[in-house]
Amino acid sequence: MSDSSHLDRMQRKKEVIDERIARASEERGVLILLKGNGKGKSSSAFGTLARSLGHGQKGAVIQFIKGRRETGEYLFFRDHPQLDWHIMGQGFTWETQDRQRDIEAAEAAWEIARGLLEDPAYNVIVLDEMSYMFKYGYLDTAPIVEALLRRPAHQNVIITGRTMALPLQEIADTISTVQDDRHAFRNGVKAQAGIEY
């Protein structure tokens, strides 16, 4: 491609993008769903959280499944003055093997989340692996949808998990699917600190 063709193409592209930017005039928080069977959903959420904290915003994380505190993200973020971190899970369901305990942990996590969704001091809230609570029937979607719709107008919420309940998808602003084309674990590579946790 010649320099002049490239320049012409980029100018046309800029016009299209500038027009889209001009049309996007609404200012409000968004609901982001990060789903799919690929690796990187929580990592994406924590990257967005870091971006928000970099802008001086206040954030909160509620982890619905992870039960251990030595994850890299927790160790990195735990002392940040603008961030509240709640590890509510008892571990993965195949580890706990106690449905009633898992339901109680989910309900306790939701109570904290509900309070955060009512608090205008929070700019971004990550509900990590919350989607499993609906898949396993630990929580009902109706009160969560209601709370998400009533949250402060500026508040951003990110929910992660492989599958995503349809009522959440119906109200989401952004839905990204992380696809698994290949995973080292299936090839016998052990989970490692800094990559999987």
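Two strands pair if DSSP finds at least two bridges between them. Helices (H or I, at least four residues) and strands (E, at least two) are DSSP runs, numbered from the N terminus. All the views below show a predicted model, in which local features need pLDDT of at least 70, side-chain atom pairs count only at pLDDT 80 or more, and totals for chains, interfaces and linings use all residues. Residues are numbered from 1 along each chain as its sequence is written, and side-chain values use heavy atoms, with hydrogens and water left out.

**View A. Strand 2 and its two partners.**
Here strand 2 (residues 59-63) pairs with strand 3 (residues 83-87) in the parallel sense over 5 bridges, and Gly59 sits opposite Leu83 of strand 3. Strand 2 also runs parallel to strand 4 (residues 124-128), joined by 5 bridges, with Ile62 facing Leu127 of strand 4.

**View B. Both faces of strand 2.**
Gly59, Val61 and Gln63 point one way, while Ala60 and Ile62 point the other, and all are buried (under 20% relative accessible area; exposed is over 50%, partly exposed in between, using a 1.4 Å probe and protein chains only). Because 5 of the 5 residues of strand 2 are buried, the strand is largely enclosed by the rest of the structure.

**View C. Gln63 reaches Trp85.**
Take a look at Gln63 in strand 2, which is buried at 0% relative accessibility. Its side chain makes a polar contact with the side chain of Trp85 at 3.0 Å. Such a contact is a pair of N or O atoms within 3.5 Å; within protein, one must be able to donate a hydrogen and the other to accept it, and residues adjacent in sequence count only if both atoms are side-chain atoms.

Most residues other than glycine have a negative phi. Glu129 is not a glycine, yet has a positive phi of about 60°. You will find Glu129 in the loop between strand 4 and helix 6 (131-135), buried at 11% relative accessible area.

**View E. Salt bridges.**
A salt bridge is a side-chain nitrogen of Lys or Arg within 4 Å of a carboxyl oxygen of Asp or Glu, and the whole structure holds 11 of them. One links Lys58 and Asp84 (4.0 Å, N to O). Lys58 lies in the loop between helix 2 (41-54) and strand 2 and Asp84 in strand 3, so this pair ties together parts 26 residues apart in sequence. Another joins Arg23 to Glu19, with closest N and O atoms 3.4 Å apart.
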